[in-house]
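Please look over the sequence and the model below.

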Amino acid sequence: MEERLQKILARAGICSRRQAEKLILAGRVKVDGQVIKELGVKADPAQQRIEFDGKPLPKPTLVCYLLNKPRGYVTTMKDPQGRPIVSALMKGVKERVFPVGRLDLDTEGALLMTNDGDLSQRILHPSNEVKKTYLARVSGRPSHKKLSELEKGIILDGKKTWPAKLRIIKSHGASTTVEVVIHEGRKRQVRLMFAAIGHPVLELKRIAYGKLGLGVLRVSEFRKLSAHELKKVFK
Ligand code: URA
């Protein structure tokens, strides 16, 4: 991911952002062999060779966190409408982490945050079929017939959804909580699936990626994942 050079230098522990501006203006920073003397130039430390005084910058440590996203937060790095963004919740995290995929503004739950572009691609790539588990509280009580339609796949935006696994968890009278496991990640997929069978989603929460569940993480909390835990995402 591209960032301003002064931010990259500061993050690498070379200096503060203010000092980095001076170092850039003094011609002490190179990107892919070229001296950069203007401020505002962006580079991608994962893809480009950045040097300070002729020495390559240390590569950023790759990290991945599991965040329990609250409702009302957007999963983008900037929001032109000024709504709260998920990265603002990552207090004390010095790596520039970004969300892996998306969750709707109104959806809460498990969201991976990483600075590792390859990892993010592996999780999102359809060929890896990473399972995502949701709890959807839907209006009314969907019949088994309707749930099995969703399980087999329905046409959304002209394309059939992949088979899903659904199971009723609880009936609340006017609404029902259904567990949904899918490995696709189409925009608003779970909401569209239930809307298509006439049982709109009232509340939606993602509770797991693969075998990695939210566990005891409370809303707005996050924790760093170990390599062992990351493997569970793909199981
Ligand atoms: N499906 C949805 O409808 N919304 C989400 O945020 C995630 C999956």
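**The ligand and its surroundings**

A backbone N or O atom of R188 lies 3.2 Å from an oxygen atom of the ligand. This is a polar contact, meaning a pair of N or O atoms within 3.5 Å; within protein, one must be able to donate a hydrogen and the other to accept it, and residues adjacent in sequence count only if both atoms are side-chain atoms. The model is predicted: local features need pLDDT of at least 70, side-chain atom pairs count only at pLDDT 80 or more, and totals for chains, interfaces and linings use all residues. Residues are numbered from 1 along each chain as its sequence is written, and side-chain values use heavy atoms, with hydrogens and water left out.

A polar backbone atom of Q189 is 3.3 Å from an oxygen atom of the ligand, and a polar side-chain atom of D104 lies 2.7 Å from a ligand nitrogen atom. The protein buries 96% of the 240 Å² that the ligand exposes when taken alone; these accessible areas come from the Shrake-Rupley method with a 1.4 Å probe, and for residues only the protein chains shown count as cover.

Which residues are around the ligand? They are L103, D104, T107, Y134, R188, Q189, V190, R191 and L204, where a residue is near a molecule or strand if one of its heavy atoms lies within 4 Å of it. By class, this shell has four nonpolar, two polar and three charged residues. Helix α5 (residues 189-196) gives the most to the shell, with three residues. Helices (H or I, at least four residues) and strands (E, at least two) are DSSP runs, numbered from the N terminus.

**The domains**

The protein is assigned domain 1 (3-56), domain 2 (64-126 + 212-232) and domain 3 (131-209), with bounds from an automatic or database domain assignment. The ligand lies between domain 2 and domain 3, because both give residues to the shell around it. The C-alpha centres of domain 1 and domain 2 lie 27 Å apart.

**Two buried residues**

Q6 is part of helix α1 (residues 5-11). With a relative accessibility of 7%, Q6 counts as buried, that is, under 20% relative accessible area, with exposed over 50% and partly exposed in between (1.4 Å probe, protein chains only). Not counting residues up to four places away in sequence, Q6 touches R17, A20, E21, I24, L39 and G40; contact means heavy atoms within 4.5 Å.

T177 lies in strand β14 (residues 175-182) and is buried too, at 11% relative accessibility. Leaving aside neighbours within four places in sequence, the contacts of T177 include L135, R167 and H172.

Conventions. Nonpolar A, V, L, I, M, F, W, Y, C, P; charged D, E, K, R; others polar.
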